[in-house]
Amino acid sequence: MFAYSAPVARTGIRPATSTLCATRPRARRQQISRRFQKSALLAVYHMPRKESIETVQATWARAVQQRERIGELFYERLFTLYPELQSMFRSDPAVQRQRLVDMVDAGVNLLNSRSDLEKALRDLGKRHVKYGTQEEQYPIVGANLLQVLETMLGEEHFTDSERGAWQDVYEYWASVMLDGARTVM
Ligand code: HEM
């Protein structure tokens, strides 16, 4: 269901000869050029569509009214379907539930501030390497989250449109987390 393409490194792109550069002293031009080449190596993530972001923010605003229930259902369902994952989770369950919901909350609210969100997600992805998380487990957790939202909101409020939007956004989160994870693997 979820497919994460490896981030594409856009290498070999030469800075455009702009009038801005042409009017700067040589040293300044080289500085701009180096900065551009560094930024050109940044990963390109799976980007969610604008409509997906709006839909996700609207559905989350409804779901988060029952904040505690989200965390309860999330882990209950995850450990029922995948009992082998339970031993990976060592912290106090109440704290885990709260952290997960807080992170999803931030992940939804920061969709309009991509650089802050991506920094947080890359760091989260790095920490997940220490937790022993495998790339192939990301779709499991994503599907679990979507199913929990459907259970909470009901099929009439979580149609194919909402499901598709959440899938789009989750794929984005996961692609950024995995990019962070790859830097420490
Ligand atoms: C978008 C996907 C995910 C999000 C938003 C997420 C979020 C979080 C958050 C906020 C924490 C709290 C600790 C911290 O901030 O470092 C956490 C811990 C953890 N997550 Fe995730 N996670 C995701 C995917 C996964 C996946 C795919 C797995 C694989 C099973 C996983 C397993 C764990 C484990 C084992 C912990 C540590 C629990 C403990 O404290 O004992 N997570 N996650």
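At what angle do helix H3 (residues 50-63) and H7 pack, and how many Å apart are their axes? The close-ups below start from this pair and come from a predicted model, in which local features need pLDDT of at least 70 and side-chain atom pairs count only at pLDDT 80 or more, while totals for chains, interfaces and linings use all residues. Residue numbers start from 1 along each chain as its sequence is written.

**View 1. Packing of H3 against H7.** The two helices pack at an angle of about 60 degrees, with their axes 10 Å apart; axes are lines fitted to C-alpha atoms, for helices over the stretch in contact, and angles run from 0 to 180 degrees between N-to-C directions. H3 and H7 are therefore oblique to each other, a term for what remains once angles under 35 degrees are called roughly parallel, those over 145 roughly antiparallel and those from 65 to 115 roughly perpendicular. From H3, Thr59, Arg62 and Ala63 meet Leu149, Met152 and Leu153 of H7, where contact requires that the C-beta atoms of two residues, placed from the backbone, lie within 7 Å. This contact divides into four nonpolar residues, one polar and one charged; Ala, Val, Leu, Ile, Met, Phe, Trp, Tyr, Cys and Pro count as nonpolar, Asp, Glu, Lys and Arg as charged, and the others, including Gly, as polar.

**View 2. Packing of H4 against H7.** The axes of helix H4 (residues 67-81) and H7 cross at roughly 125 degrees and come within 9 Å of each other. That angle makes H4 oblique to H7, and H4 passes H7 in a right-handed crossing. On the H4 side the contact is made by Arg69, Ile70, Leu73, Phe74, Arg77 and Leu78, and on the H7 side by Asn144, Leu145, Gln147, Val148, Thr151 and Met152. Sorted by class, the contact of H4 with H7 has seven nonpolar, three polar and two charged residues.

**View 3. Packing of H7 against H8.** Here the axes come within 10 Å and cross at roughly 145 degrees, in a right-handed crossing. Tyr138, Gly142, Leu145, Leu146 and Leu149 of H7 meet Arg163, Trp166, Gln167, Tyr170, Ala174 and Leu178 of H8. By class, the contact of H7 with H8 has eight nonpolar, two polar and one charged residues.

View 4. Of the 22 residues around the ligand, Met88, Ser91, Met103, Tyr131 and Val141 come nearest. The elements that give two or more residues to the shell around the ligand are helix H5 (93-109), helix H6 (114-130), helix H7 (138-153) and helix H8 (160-182). H5 gives the most, with six residues. A residue belongs here if its C-beta atom, placed from the backbone, lies within 6 Å of the molecule. By class, the shell has 13 nonpolar, six polar and three charged residues.

**View 5. Glycine 125 in helix H6.** Glycine 125 has its place in H6 and counts as buried because it has 23 C-beta neighbours inside 10 Å; 20 or more other C-beta atoms within 10 Å make a residue buried, 12 or fewer make it exposed, and a count in between makes it partly exposed, with C-beta atoms placed from the backbone. Leaving aside residues up to four places away in sequence, glycine 125 touches Val176, Met177, Leu178, Asp179, Gly180 and Ala181. The C-alpha atoms of glycine 125 and alanine 174 are separated by 8.1 Å, although the two residues lie 49 residues apart along the chain.

View 6. Aspartate 102 sits in helix H5 and is exposed, with 12 other C-beta atoms within 10 Å. Its C-alpha atom is 9.8 Å from that of glycine 71, 31 residues apart along the chain. Histidine 157 is found in the loop between H7 and H8 and is partly exposed, with 14 other C-beta atoms within 10 Å. The C-alpha atoms of histidine 157 and threonine 59 are separated by 8.0 Å, at 98 residues apart along the chain.

**View 7. The whole chain.** The chain has eight helices and zero strands, both being DSSP runs numbered from the N terminus (helices are H or I of at least four residues, strands E of at least two). Of its 185 residues, 23% count as buried. Among contacts between residues at least 6 apart in sequence, 83% join residues at least 24 apart.

Key: A crossing is left-handed if the near helix is turned anticlockwise from the far one by less than a right angle, and right-handed if clockwise.
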